[in-house]
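Please open the structure in your viewer and keep the selection tool at hand.

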Amino acid sequence: MKSYLRSMNKRGYTLIEIVAVVIIVSMAASLALVKYGDYMRRIRSQEGQQILTVLFGAQVERLREVGAYFAGTQAQINAVPNPLNVTFPQPLSNFKNLTAVNGTVRCGLPTVGRIEANDDSYALHVSDQGTIICTSVANVCNTALCQRMF
C-alpha cells in the first residue's frame with residue numbers, strides 16, 4: 001500500500017511548483033515587453049532625428065544663400081517653389097507637425113526645426129548647430145522624458 005501511495009505522489013507537479021514557474025515566466029515576459037517598448041521608442045526617435053538632420057542641412061544651405069532661416073510648416077516646406085530644396089513625405093509615419101523655425105530658443109539653444117511624436121509624448125528640435133533636443137510637446141526641457149531615446 002505504501003508503494004502505491006508513493007507512486008501516486010510522484011505522478012505530477014505540485015501546485016506550488018506550477019505557481020512558481022508561472023511567476024518566473026510572467027516576470028521574464030514583463031521584462032521583455034519593457035525592453036521591446038524601449039527598442040521601438042528608440043527606432044521611432046531615430047526616424048525623427050533623420051528627418052531633422054535633413055531639415056538642418058536644408059536650413060544651413062538656406063542661411064548661406066539667403067541670409068536667414070526659413071520658417072514654415074511641412075506643407076510650406078514641400079510647396080512649389082520649394083524654399084528649402086527638400087521634400088518630406090506626407091504624412092510622416094511616426095511624427096507630425098514638422099515645422100521649420102527661425103532661431104526659436106529651446107533648452108538654451110536656438111533651433112531651426114521641430115517635430116512632434118504622433119502620440120504627443122515628446123517633441124524633437126534641431127539646434128542651429130545640428131544638436132537634437134528632446135522636450136515635452138509643451139516645450140519643457142526634461143532630460144528624464146527622453147533619456148531612453150538616444
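**Along helix α2**

Begin by selecting helix α2: its 52 residues, at 1.5 Å a residue, should span 76 Å, and this agrees with the 76 Å between its end C-alpha atoms. The model is a predicted one, with a mean pLDDT of 84 for the protein. In total, 87% of the residues reach 70 or more. Colour the model by pLDDT: of the elements of the protein, α2 has the highest mean value (91), while helix α1 (residues 2–9) has the lowest (56). Where pLDDT is low, the coordinates should not be read in detail.

**The buried residues of α2**

Next, select the buried residues of α2, among them Asp-38, Ser-45, Leu-52, Phe-56 and Gln-59. Then display what covers the buried residues of this helix, including α3 (74–77), β2 (95–106), β3 (109–117), β4 (123–127) and β5 (132–135).

**Gln-59**

Now select Gln-59, which lies in helix α2 (residues 15–66). Is Gln-59 buried or exposed? Gln-59 has a relative accessible area of 0%, which means that it counts as buried, since the cut-off is under 20%.

Which backbone oxygen atoms does the side chain of Gln-59 reach? One belongs to Phe-70, at 2.8 Å; another belongs to Val-112, at 2.9 Å. Leaving aside neighbours within four places in sequence, show the residues in contact with Gln-59: Tyr-69, Phe-70, Leu-84, Ala-100, Val-101 and Val-112.

How values were computed. Residues numbered from 1 in each chain as written. Predicted model: local features only at pLDDT ≥ 70, side-chain atom pairs only at ≥ 80, totals over all residues. Heavy atoms only, no water. Helix = DSSP H or I, 4+ residues; strand = E, 2+ residues; numbered from the N terminus. Buried < 20%, exposed > 50% of the residue type's maximum accessible area, 1.4 Å probe, protein only. Polar contact = N/O pair within 3.5 Å; in protein donor to acceptor, adjacent residues only side chain to side chain. Contact = heavy atoms within 4.5 Å. Expected span 1.5 Å × (residues − 1). pLDDT = per-residue confidence, 0-100.
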